[in-house]
Amino acid sequence: MPRPSLLITRRLPASVLERLRATYEVTVNPDDRSLGREGLLAALRAYDALSPTITDKLDAEVLQSPGLKTRILANFGVGIEHIDLDAAKRANIVVTNTPDALTDATAELTILLILMVSRRAGEAERAVRAGKWKGWGPTQLLGNDVKGKTLGLVGFGRIAKEAARRARAALGMRIAYYSRNRANAEEELALGAEYHSSLDSLLAHSDVVSLHCPGGAATYHLLNAQAIARMKPTAILINTARGSVVDEEALGTALAQRQIAAAGLDVYEHEPTVPTSLVELENVVLLPHLGSATLETRTAMGMQMADNLDSFFSGKAPPNRVA
Ligand code: DGY
């Protein structure tokens, strides 16, 4: 029986490719950048399986095109808002993702941003590099303690809970959350998490607001000017979820006018574009979508993706099927 053909749209860790090559006829996009609409369409017409990432937009127009050969989109990553799931279903294409592998790394990056922003680490590092540091001083670059402060989580999925666990245990923070689905009592107790039934209430009571909801239409610009205005003037905003959740223009204005104290962002609405209004500010830490960027995690994501492919091609239900 011929081996299934698989196109990997972006370069993956060597051990993942080695595993996949043992089972599939693997082609890796040599350019390591988005294939674009035409490239994706050609791939969907030529390969049995595709492994896309967040940088590949698989919309209804592409997925409803005639003559598609692909039977599974084994996404490398947990977020799948770049794939139109309804269109995939209509085209009889199975979609899977990698939900568990990146939880720890992304929670860890949330903690990194909380600390960087609270201790003004980005601003301080830039000052050292620019030769602006004049030596130690009692009031130089004063940040804020995080111990005893309230971390307000918007969304309470795997990554949010893991960030809560770390923030509570390692930083001594209090935990609050807002989510459409309330967690069960044991879980709330274990994390000392206080539930808020509205976003406004969470925003008004939090010292650090951290976003952990999925991207897509339902959360588009959830943090707009009105929502940001609910935050404390001393509060900071952290986003390791999706850029589309924040109205970046409104955030830039709020930071410039000190309506809120600071922000730490890992994701942007139109990556890799970062609005100049944010780049020019000192009170924002800007990272280039590093949430899951460790060798261990990207390898684990690849292995989870390979598990999904293996199940699918051996006629079993893929463990992480989303459509
Ligand atoms: C994810 O898995 O969603 C990460 O943001 C990388 O795509």
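Helix axes, in what follows, are lines fitted to C-alpha atoms over the stretch in contact, and the angle between two of them runs from 0 to 180 degrees between N-to-C directions. The structure discussed here is a predicted model.

Two packed helices are described by the angle between their axes and the distance between the axes. On these terms, helix α5 (residues 103-118) packs against helix α7 (residues 158-171) at an angle of about 50°, and their axes are 8 Å apart. The crossing in which α5 passes α7 is right-handed. On the α5 side, the contact involves T103, D104, T106, A107, E108, T110, I111 and L115, while α7 contributes R158, I159, E162, A163, R166, A167 and L171. Sorted by class, the contact of α5 with α7 comprises seven nonpolar, three polar and five charged residues.

Helix α1 (residues 14-21) and helix α13 (residues 295-313) pack with their axes 8 Å apart and at an angle of about 15°. Because angles under 35 degrees count as roughly parallel, α1 and α13 are placed in that category. Their crossing is right-handed.

T240 is located in the loop between β10 (236-239) and α11 (248-256). With a relative accessibility of 9%, T240 counts as buried, the cut-off being under 20%. Its side chain makes a polar contact with the side chain of T110, at 3.3 Å; T110 is also one of the α5 residues that meet α7. Setting aside residues up to four places away in sequence, T240 touches T106, L109, T110, L113, L211, H212, D266 and V267. The C-alpha atom of T240 is separated by 8.7 Å from that of L290, although the two residues are 50 residues apart along the chain.

D207 is situated in the loop between α9 (199-205) and β9, and at 16% relative accessibility D207 counts as buried. The side chain of D207 reaches the backbone nitrogen of T150 at 2.8 Å. Beyond its neighbours within four places in sequence, D207 is in contact with K149, T150, K232, T234, A235 and I236. N283, for its part, occupies the loop between α12 (276-279) and β12 (284-286) and counts as buried at 8% relative accessibility. Here the side chain reaches a backbone oxygen, that of L255, at 3.1 Å. Apart from neighbours within four places in sequence, the contacts of N283 are L255, R258, I260, A261, A262 and A263.

The loop between β11 and α12 contains P272. A cis peptide bond joins E271 and P272, with omega about 5°. V274 is found in the loop between β11 (262-265) and α12 as well. V274 is partly exposed, with a relative accessible area of 26%. Leaving out neighbours within four places in sequence, V274 is in contact with Y268, V279 and L286. V274 and T96 are 29 Å apart in space, C-alpha to C-alpha, and 178 residues apart in sequence.

R120 has a phi near 55°, a positive value in a residue other than glycine. R120 lies in the loop between α5 and α6 (121-129), and its relative accessibility of 28% makes R120 partly exposed. H221 likewise is not a glycine and has a positive phi, of about 50°. The loop that holds H221 runs between β9 (208-211) and α10 (225-230). At 17% relative accessibility, H221 counts as buried.

Definitions and conventions:
Residues numbered from 1 in each chain as written. Predicted model: local features only at pLDDT ≥ 70, side-chain atom pairs only at ≥ 80, totals over all residues. Heavy atoms only, no water. Helix = DSSP H or I, 4+ residues; strand = E, 2+ residues; numbered from the N terminus. Left-handed = near helix turned anticlockwise from the far one by under 90°. Contact = heavy atoms within 4.5 Å. Nonpolar A, V, L, I, M, F, W, Y, C, P; charged D, E, K, R; others polar. Buried < 20%, exposed > 50% of the residue type's maximum accessible area, 1.4 Å probe, protein only. Polar contact = N/O pair within 3.5 Å; in protein donor to acceptor, adjacent residues only side chain to side chain. Parallel < 35°, antiparallel > 145°, perpendicular 65-115°, else oblique.
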